[in-house]
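Please look over the sequence and the model shown here before reading the report.

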Amino acid sequence: QVQLVESGGGLVQPGGSLRLSCAASGSGFIIYVMGWYRQAPGKQRDLVATITRGGTTNYVDSVKGRFTISGDNAKNTVSLQMNSLKPEDTAVYYCNAKTRRAPYNYWGQGTQVTVSS
């Protein structure tokens, strides 16, 4: 089993920055992809960014140029640097990890990001 714990959420003004972090713990797992998803009230959970074990990154168009995802395979951690934040970025952000071993997909508890003046 894998446990994911997020940190770094909070309240920030438009144009500000936050850095989210996620740490995976447990035993008997290899994570191949980690990423961040977000869910705003009344909306579905959407992909924000992913990073593979080999370092390939992918971003939703709305955050390109503003957010940067990074990972450390040795530490089983992933971070999301969020700059130039907009009110529409407000959501609960969830860390996600995928393995090739059951149950294949893991989620963190979520961390609230609120962008407001």
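## Basis of the report

This is a predicted model, in which local features need pLDDT of at least 70 and side-chain atom pairs count only at pLDDT 80 or more, while totals for chains, interfaces and linings use all residues. Residues are numbered from 1 along each chain as its sequence is written, and side-chain values use heavy atoms, with hydrogens and water left out.

## Overall fold

The chain has zero helices and eleven strands, where helices (H or I, at least four residues) and strands (E, at least two) are DSSP runs numbered from the N terminus. Because a compact globule of 117 residues would have a radius of gyration near 13 Å, the 14 Å of the chain agrees with that expectation; this radius is taken over C-alpha atoms, and the globule rule is 2.2 Å times the number of residues to the power 0.38.

## Strands around β8

Strand β8 (residues 77-82) pairs with β3 (residues 18-26) in the antiparallel sense over six bridges, and two strands count as paired if DSSP finds at least two bridges between them. Within this pairing, Arg19 has Gln81 in β8 as its bridge partner.

Strand β7 (residues 67-72) also pairs with β8 in the antiparallel sense over six bridges, and Asp72 has Thr77 in β8 as its bridge partner. The hairpin of β7 and β8 has four residues between the strands, and Asn76 takes a positive phi near 55 degrees there.
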